[in-house]
Amino acid sequence: MLDIRNLHAGIDGKEILHGLDLRVGTGEVHAIMGPNGSGKSTLANVLAGRPRYEVTAGTVTYEGKDLLSMKPEDRAREGVFLAMQYPVEIPGVNNIYFLKAALNAIRKNRGEEELDAMEFLQLAREKMKLVDLDESFMNRGVNEGFSGGEKKRNEIFQMAVLDPKLAILDETDSGLDIDALRIVANGVNMLRSEKHSVLVITHYQRLLKYLIPDHVHVLADGRIVKSGGKELAEELEQKGYEWIEQEVAAAR
Amino acid sequence: MTTAVQSDVREQAAQRFAQLGWPTMELEEWKYTNLTPIQRVDWVAAEGGGATRTVAASLREHAIAELVFVNGRVADVVGGAAGVEILPISEAAAHPMFDRHYARYADYQRHAMTALNTAHAQDGALIVVHDGIAIDGFIHLLFIGSGDGVWSHPRNLIVLGRGAQLTVVETFVGSGNYFTNAVTEIVAGEGAHIDHYKVEREARDAFHVGSVQIHQERSSNATARTISLGGGLVRNEVNVALAGEGANLTLDGLFVLADSQHVDNHTVIDHVTPHCDSLELYKGILDDQSRGIFDGTIIVRPDAQKTNSRQVNRNLVLSEKAIIDSKPTLEIHNDDVKCSHGSTIGQLDEEALFYLRARGLGEAEARNLLIDAFASEIVDRMKVEIVKEQIRAAMSRLRR
């Protein structure tokens, strides 16, 4: 599904990823953990195509295509979804109008019929229950006046509606209470299948109690320095990140 | 026969204009707008009455009444309702309300363009709503400019009795290199509600100067919405006197500019009496090398205690060559008031654009959504559905 090789990337002329390699197979859930400043968000933003991030070397292949040469909207239409760390508020753009336009752009790209208003509402209502958002959210501006937790749940709601092949969660768990955390994990678990891949980027292990990853990677100083199974996340939780950093330093 | 507004102040106004001359940029209130391009044309008034014809801008299917003026002369009058008098102002000289109110609020002694209008006014509408009458729906005043080198001076007087309620939409359209110099006076009696729309969609080669003068009595409510979409060189003035206690005012403005359009919005809210509220929001969207101006003043007189006033101007600049001047001004002459003002100038929010694109919307679609969203704060709270639709449709020309 996703093959990242020797990725060097950064922002404002400062390189943050120093040769990152990662392969995510179809149907797999990978967690990327790492301390602050290790490059987690840079990776998420580069994969989604956020402007100002520059790739200086390396390749990212998504379903056999060169992901880095695609516009953000084309990545989305091909099934890449980034649940943002800080979802932006867009007053005046109706939540549900926007999501319908997004879904229909994606469906059109897949060669499927566009949904009409009724069909879309039915789908949206169903998915809203999943994330415990009130229907009144539909007719508000995108994220307008939402609390932090509501914004994150809205991201998961959008993900559930858009049904991406590759979902990237950029610290979706940060700032969430335990109930919201379960809701987020549940949303992702519903998406899990042999056709969907998930990349969970997080600082903490607590989300991974509810969302069990197949693989865990440790990102430090812009590289994947350690990979393992779900037990690696528990080890990190107990020992912190220092021992990884020491190991890396010793290996140099 | 050439019709004209039969007023005994015509001659005085003409003399006053001769003394004042055309406004120059040396005057503080005209510092951003140069009228020389208008001044150097040898304007003529169109002869004869305007022809009656069906025009695209007509809203007679939606309005309870419509008056159509072509080059300042009445061309058509349709509709009406009980409790409201609607007539061409050229035929209204004998009306008691004309005698009592005409030229009492729009000050031709101080304002040259008002003097010019008062001296040359050919026609317009007199609308009188009787005490206690609430009119459902809206009255449409349609002003059509046509031809090159032709000027017109539409002149309207709208009088609401005690507790009366009315919605008026003025639309300005046309084709050619003409000049419209309009004045509307509105008198809101005690407890009256007036909702006034000015939708300026003049031809791209046309000049437009227009002033709306509102006089509010005790506990009256006025909303004046000034929408500028067309015209080459445009000046909108809205002047409001909150002359009775407990009056409420909302001033909304939206200007959507492209190419080399120049639109100057000049507003004065005069808090004369205590316990009045005014809320002003003007939003500008500027593309290409257009130029927009917001110059708004709020005056709070010594006697106007407990004034509550907020003035905001927000601008969205879509091009590096577009220019916006924003000058919000407060003049407060007592210390028992709550007043605030502010202005912002910004570009499209890159984060919002990325967010929409990251969900699959194309770049152009995302941009259009954000532009419409910026305007929606003004458009969504309009009450006349057909005007909303017209504005949304007109905004689509900013689409890429």
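Predicted model: local features only at pLDDT ≥ 70, side-chain atom pairs only at ≥ 80, totals over all residues.
Residues are numbered from 1 along each chain as its sequence is written, and chains are lettered from A and ligands numbered from 1 in the order in which they are written.

Let me start with the sheets of chain A. One of them is an open sheet of four strands in the order β2-β1-β4-β5 (chain A), with antiparallel pairing, where two strands count as paired if DSSP finds at least two bridges between them. At its edges stand β2 (14–24) and β5 (65–66) of chain A, each with a single partner strand, so one side of each has no neighbour in the sheet. Within this sheet, β1 (residues 2–11) of chain A pairs with β2(A) over eight bridges in the antiparallel sense, and H8(A) has H18(A) in β2(A) as its bridge partner. Across β1, β2 and β4 (53–62) of chain A lies helix α1 (residues 40–48) of chain A, which runs at about 70° to β4(A); axes here are lines fitted to C-alpha atoms, for helices over the stretch in contact, and angles run from 0 to 180 degrees between N-to-C directions.

Another open sheet of chain A has six strands in the order β6-β9-β10-β3-β11-β12 (chain A), and its pairing is mixed. Its edge strands are β6 and β12 (223–228) of chain A, each pairing on one side only, and the twist from one strand to the next averages 20°. Near one end of that order, β11 (residues 215–220) of chain A pairs with β12(A) through five bridges in the antiparallel sense, with L219(A) opposite I224(A) in β12(A).

Now to a helix of chain A. Helix α5 (residues 148–162) of chain A has 15 residues and spans 21 Å from its first C-alpha to its last, close to the 21 Å expected, the expected span being 1.5 Å times one less than the number of residues. Eleven of the 15 residues of α5(A) are buried, a residue being buried if 20 or more other C-beta atoms lie within 10 Å of its own, exposed if 12 or fewer, and partly exposed in between, with C-beta atoms placed from the backbone. The buried residues of α5(A) pack against β6 (80–83), α3 (95–109), α4 (117–131), β9 (166–170) and α6 (178–191) of chain A. Just after α5(A), D163(A) takes a positive phi of about 50°.

How many residues does each chain bring to the contact between chains A and B? Chain A brings 20 residues and chain B brings 20 residues, where contact requires C-beta atoms, placed from the backbone, to lie within 7 Å. On the side of chain A that touches chain B, α2 (72–77), β7 (90–94), α3 and α5 of chain A each supply at least two residues, and α3(A) gives the largest share, five residues.

In chain B, all six residues of strand β8 (residues 155–160) are buried, so the strand is largely enclosed by the rest of the structure. From β8(B), R155(B), L157(B) and V159(B) point one way, and N156(B), I158(B) and L160(B) the other way. Strand β5 (residues 125–129) of chain B pairs with β8(B) in the parallel sense over four bridges, and L126(B) has L157(B) as its bridge partner. Six bridges also join β8(B) to strand β10 (residues 179–188) of chain B, again running parallel, and R155(B) stands opposite V183(B) in β10(B).

I finish with the backbone angles. Most residues other than glycine have a negative phi. D132(A), although not a glycine, has a positive phi of about 60°, and D132(A) is found in the loop between α4 and β8 (141–142) of chain A. K306(B), also not a glycine, has a positive phi near 60°, and K306(B) lies in the loop between β18 (291–300) and β19 (307–317) of chain B. D132(A) is partly exposed, with 15 other C-beta atoms within 10 Å, and K306(B), with 16 C-beta neighbours inside 10 Å, counts as partly exposed too.

How values were computed. Contact = placed C-beta atoms within 7 Å.
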